[in-house]
Amino acid sequence: MIQMAEDGNNDLPHFSNAAFDIVAIAASAGGLTALAKVLSSVPTEFTAAIAIVQHLGPQYRSFMAEILTRRTTLTVKQAEEGDCLTPGTAYVAPPNRHLVVNGDGTLSLSQSELVHFLRPSADLLFESVAATYKDRAIAVVLTGTGSDGAMGVEAIKKMGGTVIVQDVETSEFSGMPSAAIQTGNVDFILPLDEISSTLVTLVMGNIEIN
């Protein structure tokens with residue numbers, strides 16, 4: 001069930017039985033394995049939407065949605081222009097497209113300029129999520145090289161959202177997690193196998209994960 005926002009933005013849907021409406025996840029090198037691990041333990045009835053930026057080569061079609069679908073009971077799809085965020089669904093940014101959340105809870109894709117030499121950019125996703133969902137947003141930074149996501153993490157915290165970062169020890173590549181941690185705007189630094197249970201507890205309260 002969807003409830004309309006009570007914060008003056010009547011176009012923005014809030015999801016029932018959810019403390020947060022959206023989980024935005026960013027990953028780069030080593031990210032497919034990490035994403036599969038996180039999503040595999042998130043239950044079908046998860047009451048928030050999930051948006052994913054994974055850095056990919058721009059020249060090839062991505063099979064990420066199909067691969068992740070085999071690892072989770074959630075609905076996973078490659079994001080399309082105009083998609084409306086739905087609980088229990090994970091939206092994956094297509095190669096060479098920025099993924100942005102709009103003020104009415106829909107998604108936009110863009111080929112606007114590269115951000116830190118990247119498209120899609122975690123920073124752009126996080127910043128759009130922060131502006132739209134404010135304290136009902138969670139950002140997650142997983143394994144990856146570079147520093148994409150660090151600026152976006154600051155935006156999430158500034159608007160009252162929550163930030164989770166994979167710890168360096170379990171990250172195949174520690175660049176992105178380290179850059180996020182160094183901002184000082186991180187709420188949880190967790191081993192990979194504790195991230196999904198933390199997400200479920202934050203979004204849905206204390207429930208059993210089978």
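**A parallel sheet and the helices packed on it**

The protein chain averages a pLDDT of 89, with 85% of the residues scoring at least 70, where pLDDT is the predictor's confidence in each residue, from 0 to 100. Over residues 1-10 the pLDDT is below 50, and beyond near neighbours in sequence this stretch has 19 contacts in the model, a contact meaning heavy atoms within 4.5 Å. The model is a predicted one, in which local features need pLDDT of at least 70 and side-chain atom pairs count only at pLDDT 80 or more, whereas totals for chains, interfaces and linings use all residues. Residues are numbered from 1 along each chain as its sequence is written, and side-chain values use heavy atoms, with hydrogens and water left out.

Of the 210 residues in the protein chain, 52% are buried, buried meaning under 20% relative accessible area, exposed over 50% and partly exposed in between, with a 1.4 Å probe and protein chains only. Among contacts between residues at least 6 apart in sequence, 69% join residues at least 24 apart.

Seven strands make up an open sheet with parallel pairing, in the order 5-6-4-3-9-10-11, two strands being paired if DSSP finds at least two bridges between them. Strand 5 (75-78) and strand 11 (188-190) stand at the edges with a single partner strand each, so one side of each is left without a neighbour in the sheet. On average, neighbouring strands of this sheet are turned by 20 degrees against each other, direction ignored; the axes are lines fitted to C-alpha atoms, for helices over the stretch in contact, and angles run from 0 to 180 degrees between N-to-C directions.

Helix 4 (residues 150-158) lies across strand 9 (137-141) and strand 10, running at about 145 degrees to strand 10. Helix 6 (residues 192-204) lies across strand 3 (22-27), strand 9, strand 10 and strand 11, and its angle to strand 10 is about 165 degrees.

The loop between strand 10 and helix 5 (175-182) contains D167. Leaving aside neighbours within four places in sequence, D167 is in contact with I189, L190 and P191. D167 is buried yet has no salt bridge, and the nearest side chain of opposite charge, K37, is 12 Å away; a salt bridge would require a side-chain nitrogen of Lys or Arg within 4 Å of a carboxyl oxygen of Asp or Glu.

Helix 1 (residues 31-40) has G31, A34, L35, A36, V38 and L39 as its buried residues, and these pack against strand 3, strand 4 (49-54), helix 2 (64-69), strand 10 and helix 6. L35 has a relative accessible area of 0% and touches I25, A27, I52, Q54, M64, L68 and L142, not counting residues up to four places away in sequence. L35 and L142 are 107 residues apart in sequence and 8.0 Å apart in space, C-alpha to C-alpha.

Strand 7 (residues 98-101) and strand 8 (residues 107-110) run antiparallel and are joined by four bridges, with H98 having S110 as its bridge partner. These two strands form a hairpin with five residues between them, and G105 in the turn has a positive phi of about 80 degrees.

Terms used. Lys, Arg positive; Asp, Glu negative; His and termini not counted.
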